[in-house]
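Work through the exercises below with the sequence and the model side by side. Try each task before you read its solution.

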Amino acid sequence: MQVLGDGNNVIHLYDRECSLQRRRQKVVEEAPSQALSNEMREKLCKSALGLAKLVNYKGAGTLEFLYDEERGGFYFLEMNTRIQVEHAITEMITGVDLVREMLRIADGEPLRFKQEAIKIKGHSIEIRINAEDPSNNFFPSPGKISEVFYPTGAGIRIDSMLFNGRVIPPFYDSLVAKLIIYDESRAMAISRMNRALRQVRIEGIKTTLPLFKDLFKDVDVASGNYHINFLESWMAKQNNKGE
């Protein structure tokens, strides 16, 4: 649950779904969550706001929860008191530039949005493209970029520092690009993601792009039928098929 606070007032910017994880690290994020009913979303928003207001929160922050679909309950995990990698999908569905607002607040300015002005519009999905080889147990793949091509057009956003000739060193986080897709509905966003994945090229190093090309063709992913252990089970099945 994304929040913004200025030390006196706090608003929420709804939810993000981050259950597609590998080794408890997020791989795919989407907003809003396909798992929540409107009633459950309201309860989570109320809980996140209550916690942030309790500490007079100032800045951008994310409160993370585990949702138990079988019992219909949710459990607070932690609060990340910073901007997160997946902030872009919240920006896409709300139209609020979170980085800009975070900087304004840090400069001493008050919140300029009222809660009633924040609405969910459409659906957004983000993939984290890492310099790793998914066919070799995600072994790191540093090296020199020989070619980069990103798809363009409405509903496609790229956050990246890649360019032809860029050298990816082995010393830092393996994230090299984020591909963010937006469309009117989740089904349309997945369709646009599949088209973008057919077009994007990063040559010279191994990346996790092949993983995503297969993942978004999966029936359970397309229907939103997944959980925090889904991705690792899915990858194990894919490996067994290959053998």
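**Exercise 1. Which glycine follows α3, and what is its phi?**
Step 1: Go to the end of helix α3, residues 98-106. Helices here are DSSP runs (H or I, at least four residues) and strands are too (E, at least two), numbered from the N terminus.
Step 2: Read on to glycine 108. Its phi is positive, near 95°.

The model is predicted: local features need pLDDT of at least 70, side-chain atom pairs count only at pLDDT 80 or more, and totals for chains, interfaces and linings use all residues. Residues are numbered from 1 along each chain as its sequence is written, and side-chain values use heavy atoms, with hydrogens and water left out.

**Exercise 2. Find the residue that caps the N-terminal end of α3.**
Step 1: The cap is aspartate 97.
Step 2: Check the distance. A side-chain oxygen of aspartate 97 lies 3.2 Å from the backbone nitrogen of valine 99.

**Exercise 3. Where do the buried residues of α3 sit around the axis?**
Step 1: List them: Leu98, Glu101, Arg104 and Ile105. Buried means under 20% relative accessible area, exposed over 50%, partly exposed in between (1.4 Å probe, protein chains only).
Step 2: They cover an arc of only 125°, so they lie on the same side of α3. The arc is that of the directions from the helix axis to the C-beta atoms.
Step 3: Recall the geometry. An α-helix has 3.6 residues a turn, so residues three or four places apart point the same way.
Step 4: Look at the face turned away. Leu103 and Ala106 are exposed there.
Step 5: Name the partners. The buried residues pack against β1 (2-6), β5 and α2 (87-94), where contact means heavy atoms within 4.5 Å.

**Exercise 4. How many residues of strand β7 are buried, and which strands pair with β7?**
Step 1: Count along residues 123-130: 8 of 8 are buried.
Step 2: Find the neighbours. Strand β4 (residues 25-31) pairs with β7 in the antiparallel sense over 4 bridges. Pairing needs at least two DSSP bridges between the strands.
Step 3: Strand β14 (residues 175-183) is also antiparallel to β7, over 8 bridges.
Step 4: Glutamate 29 stands opposite glutamate 126, and isoleucine 127 opposite leucine 179.

Key: A polar contact is a pair of N or O atoms within 3.5 Å; within protein, one must be able to donate a hydrogen and the other to accept it, and residues adjacent in sequence count only if both atoms are side-chain atoms.
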